[in-house]
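Here's a quick briefing to read with the model open beside you.

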Amino acid sequence: MCRHLCAAQAALDACKGLDSTQTEPGLYPDSHANDAAVVKQLTRPDPSSFANSDIVKVLNYHLDLAADFDSTTFKGCVVLTVETVVDNAEVIVLDIRDVNITSAASVASGTDVSGTATPLDWWVTRKEAKLGQAVVVRLPAGLAKGAKAFLKLEYSTAPSASALQWLRPEQTEGKQHPYLFSQCQAIHARSLLPSHDTPGVKSTYSAALRVPAPLQALMTAILDNEVAEEVTVDGKPYNQFRFTQAVPIPIYLIGILIGNLKKRDLSPRCAVWSEPEVVDKAAWEFEDIERILGAAEKLCGPYQWGRYDLAVLPGSFPYGGMESQLTFVTPSLLAGDRSLVNVIAHEAAHSWSGNLVTNNDWQSFFLNEGTLDTPSHLIIHLPLIVLQHYHLSRHMLVPSLTDSFHRYTRLHRLHCLH
Ligand SMILES: [Zn+2]
């Protein structure tokens, strides 16, 4: 994320006053307080999250959602593919905030949204101001360590969801169509989907997203169908798009964009998306994105995410940029002289620092931002030929960063993809 003070403040807010060792009176309903096996598994490795990720891990989220711009909500379900970390795992604890869950069930596969579902016992805790609520789902009985289960939760988001900004047509450049963008860092993903909303857990995700025609949906994932599937939702014409994120990510990197969006290809693996009134200006401004990505690869190693796309958002987007393989940026970067492209170098460098190697919790957030300052400056300020000549790539810079990591990680836990 660019505009570090805001991001750092958000991370600090996520941690302030939280203590994972405290047992908060009344947090779990009396009806379950005497179930010793359950209580023992209500662990909280991350003080910013209720997730008991040391008992059960989420391997994949499959979202099946429809966007409703009238009620400014999403409605549908998520299917979690989970794996137990211990024998006799009893429950999984997920984070939610302003999310209305209506059912929890066991299903046959990680993408089974309409097959036979076996209801599961579940309950929601009282609301905590910063954290939201925990939803506790009792797992199918008899799961041994390493066993998988598929859990379907039907739910809807609330108009107050802190991750979601619903814009009226007059708030867009074109003034004709509504618009939606999400921003999940640091702990807002829990208002979009029931999840282990902690950077200490990485999961893949897939999605089927329905949006009112003729709008385009994008996610921080590979778009599987360039041409929309035409479907009907509540008697209205909708476009359905499908997405796959095959690289495990911390859930704060999940993102959604819906609007009258057009694309301009900048290279075989890079493109810029924006409203039609802006997209050509954006394509000119960010024409060098392939060179930036190539320079980053010289420094940090192969780019592992397949595509790297940019999306120029409306002016209400509150940050300079938010990293992911579909990086969201503010239109204020469109200076007309490419003078602010350094922000893109910063966000591209997050493809390694932050997205592949991630702080384990928000108390160590500085690791995400601090370790990429050197590569992001080198990417933008040194011509590629200089990088090649002096072999600044993995021979010099990476050992230096590795040394920094080792020094920092004596004090701060770091979570790695590998
Ligand atoms: Zn950043």
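This is a predicted model: local features need pLDDT of at least 70, side-chain atom pairs count only at pLDDT 80 or more; totals for chains, interfaces and linings use all residues.

Pro 214 sits in the loop between β11 (202–212) and β12 (216–219), with helices (H or I, at least four residues) and strands (E, at least two) taken as DSSP runs numbered from the N terminus. Numbering starts from 1 along each chain as its sequence is written.

- Another cis peptide bond joins Gln 185 and Ala 186, with omega about 5°.
- Ala 186 belongs to the loop between β10 (179–182) and β11.
- Asp 234 isn't a glycine, yet it has a positive phi of about 50°; look for it in the loop between β14 (229–233) and β15 (236–250).
- Asp 234 counts as exposed because it has 9 C-beta neighbours inside 10 Å. The cut-offs are 20 or more other C-beta atoms within 10 Å for buried, 12 or fewer for exposed, and partly exposed in between, with C-beta atoms placed from the backbone.

**The loop between β21 and α6**

- Arg 338 also has a positive phi, about 60°, without being a glycine, and it lies in the loop between β21 and α6.
- With 15 other C-beta atoms within 10 Å, Arg 338 comes out as partly exposed.
- Ser 332 is in the loop between β21 (326–329) and α6; it has 12 C-beta neighbours inside 10 Å, so it counts as exposed.
- Ser 332 and Gly 315 are 17 residues apart along the chain, and their C-alpha atoms are separated by 7.3 Å.

**Where α5 meets α6**

- The axes of α5 and α6 (residues 342–349) come within 10 Å and cross at roughly 45°. Axes here are lines fitted to C-alpha atoms, for helices over the stretch in contact, and angles run from 0 to 180 degrees between N-to-C directions.
- That angle makes the pair oblique: under 35 degrees would be roughly parallel, over 145 roughly antiparallel, 65 to 115 roughly perpendicular, and the rest is oblique.
- On the α5 side the contact uses Ile 289, Ile 292, Leu 293 and Ala 296, and on the α6 side Ile 344, Ala 345, Ala 348 and Ala 349. Being in contact means C-beta atoms, placed from the backbone, within 7 Å.
- α6 is mostly covered, with seven of its eight residues buried; His 346 and Glu 347 are among them.

**Glu 290 on α5**

- Glu 290 is in α5 (residues 289–300) and is partly exposed, with 15 other C-beta atoms within 10 Å.
- Beyond its neighbours within four places in sequence, Glu 290 is in contact with Leu 266, Ser 267 and Cys 270.
- Pro 268 is 22 residues from Glu 290 along the chain, with 9.0 Å between their C-alpha atoms.

**The core and the whole protein**

- The largest nonpolar core has 114 residues, and Ile 292, Ala 296 and Ala 311 are among those with the most contacts inside it. Such a core is a set of buried Ala, Val, Leu, Ile, Met, Phe, Trp, Tyr and Cys residues joined through C-beta atoms within 7 Å.
- Leaving out neighbours within four places in sequence, the contacts of Ala 311 include Leu 218, Trp 273 and Phe 328.
- The protein has 10 helices and 23 strands, and 46% of its 418 residues count as buried.

Technical notes. Two residues are in contact if their C-beta atoms, placed from the backbone, lie within 7 Å.
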